[in-house]
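Colleague: I'm new to this one. Please walk me through it.

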Amino acid sequence: MKTVDLIYFNAGGGHRASALALQAVLREQARPWNVRLVNLFEVLDPQDKFRKMTGSAPEDWYNRRLARGWTLGMAQELKLLQGLIRLAHPMLLRQLQQHWLRTEPDLVVSLVPNFNRAMFQSLAASLPGVPYVTVLTDLADVPPHFWIERGQAQHLVCGTPRAVAQARALGHARERVHATSGMVIGPAFYLPMLFDRAQELRRLGLDPTRPTGIVMFGGHGSRAMLGIAERLTASTQLILVCGHNKALAARLNALPAGAPRLVLGFSTDVPRYMHLADFFIGKPGPGSLSEAVQQGLPVIVVDNAWTMPQERYNAQWVRDNGVGIVLRSFRGIDRAVAQLLADLDGHRARVRRIDNRALFEIPRILEGILDEAEAVRAPALARRQPSSRP
């Protein structure tokens, strides 16, 4: 049995969600692999010293900023973070080498940015021949040193032609750059919804004759949802998903509403609520965009100075594919909703053209990489066997 490690962290939630989705489909396919989820921050800080010193985990500050909408200046902070990672590179190598030698994976799959240089180099030094794969959970890279590192003999799994072109431009061999038809999303987004939509809307206090928008900003919500709800309060029926942000949910529930409205906290049934909606409003995150499109929803997103650097290409992807409307600010959300609803059938037709099967494509890619590594390894092992001849 081969051991496959899926490396993730909890900053933003999408990396862990992708790792869980891959683990689930690999188990469902009953492959002879021991699939382990590995939190990178737990490897780098096994005694949880950062939390003990600061009172919170390293990713908590990032998630709190997302919830408050404090994303202005993140491009500059990304450069600072990458500089700190470069300074810590020797220490990271030592910690990671010890981890690989202790755990001995047969394949390492990274679903995180910024740390791929340290993880690749430490794996190559400690376990030569064990393949290293980076699965981009963004639609495109943010060079330099975000997802794709130049000159590493590793595999890259890219969900868009843009990301494939970026990998090839940085010198990665064609056979090591693997294209998929989109981002990794959970298996539940591929299941048929076997319930009466109108009846379910009525059960939730919503009007099945009205167009319904679903508003989502990741697992921690965003204060931007308050402005959206206020501007659409009289005209548009909304499902507002606040994630773990209980304070935001309470404020949304307290707003006056002319149109029916459903406010939700954290939910594991997002595909069901998306199926009840006609369109999506949110930030241009790769996961939520891909989930909405998979559920047949046109999208309304923003692209401005507050958009995080790794999500700026996503707005262009929306424009290029004609699957929604990109605004400079949610101050124009009422006009955008009216514009989208005026051509809802056209937007839905363009959304249906996108067929994302990445979740089921990646296991075959990983199988091929493991088979290739085994084919290279077998002759070397045979040469090391002592001869039985006298």
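Modeller: A definition comes first. Buried means under 20% relative accessible area, exposed means over 50%, and partly exposed is in between, using a 1.4 Å probe and protein chains only. This is a predicted model, where local features need pLDDT of at least 70 and side-chain atom pairs count only at pLDDT 80 or more, while totals for chains, interfaces and linings use all residues. Residues are numbered from 1 along each chain as its sequence is written, and side-chain values use heavy atoms, with hydrogens and water left out.

Colleague: Okay, T3. Buried or exposed?

Modeller: Buried, because T3 has 12% relative accessibility.

Colleague: Where does T3 sit?

Modeller: T3 is in strand β1, which covers residues 2-8. Strands (E, at least two residues) and helices (H or I, at least four) are DSSP runs, numbered from the N terminus.

Colleague: And what is T3 in contact with?

Modeller: Set aside neighbours within four places in sequence. T3 then touches N34, R36, P105, D106 and L107. Contact means heavy atoms within 4.5 Å.

Colleague: Tell me about the sheet with β1. What's the strand order?

Modeller: The order is β2-β1-β3-β4-β5-β6, an open sheet of 6 strands with parallel pairing. Two strands pair if DSSP finds at least two bridges between them. At the edges are β2 (33-39) and β6 (177-179), and each pairs on one side only. Neighbouring strands here are turned by 20 degrees against each other on average, direction ignored.

Colleague: How many bridges join β3 to β4?

Modeller: There are 3 bridges between β3 (residues 107-110) and β4 (residues 132-135), and the two strands run parallel. In that pairing, V109 stands opposite V133 of β4.

Colleague: Which helix packs on the sheet?

Modeller: Helix α7, residues 116-126, does. α7 touches β1, β3 and β4, and its direction makes about 165 degrees with that of β4. Axes are lines fitted to C-alpha atoms, for helices over the stretch in contact, and angles run from 0 to 180 degrees between N-to-C directions.

Colleague: At what angle do α6 and α7 pack?

Modeller: About 50 degrees, with the axes 8 Å apart; α6 spans residues 89-103. That makes α6 and α7 oblique to each other. Under 35 degrees counts as roughly parallel, over 145 as roughly antiparallel, 65 to 115 as roughly perpendicular, and the rest as oblique.

Colleague: Which residues make the contact?

Modeller: From α6 come H89, L92, L93, L96, Q97, W100 and L101. From α7 come R117, A118, M119, Q121, S122, L123, A125 and S126.

Colleague: New topic: V43. Which helix?

Modeller: V43 belongs to helix α2, residues 40-44. V43 counts as buried because its relative accessibility is 14%. Leaving aside neighbours within four places in sequence, V43 is in contact with V38, Q95, L96 and H99.

Colleague: Over how many bridges do β11 and β12 pair?

Modeller: 4 bridges, in the parallel sense. V302 has L327 of β12 as its bridge partner.

Colleague: How do the axes of α10 and α11 cross?

Modeller: At roughly 15 degrees, coming within 10 Å; α11 is residues 246-254. So α10 and α11 are roughly parallel to each other. M225, L226 and A229 of α10 meet L248, R251 and L252 of α11.

Colleague: Last one. Which residues of α14 are buried?

Modeller: Y313, N314, A315, W317 and V318, in a helix of residues 312-321. Their cover includes α8 (161-169), α13 (286-294), β11 (299-302) and β12 (324-327). After α14 comes G322, with a positive phi near 60 degrees.
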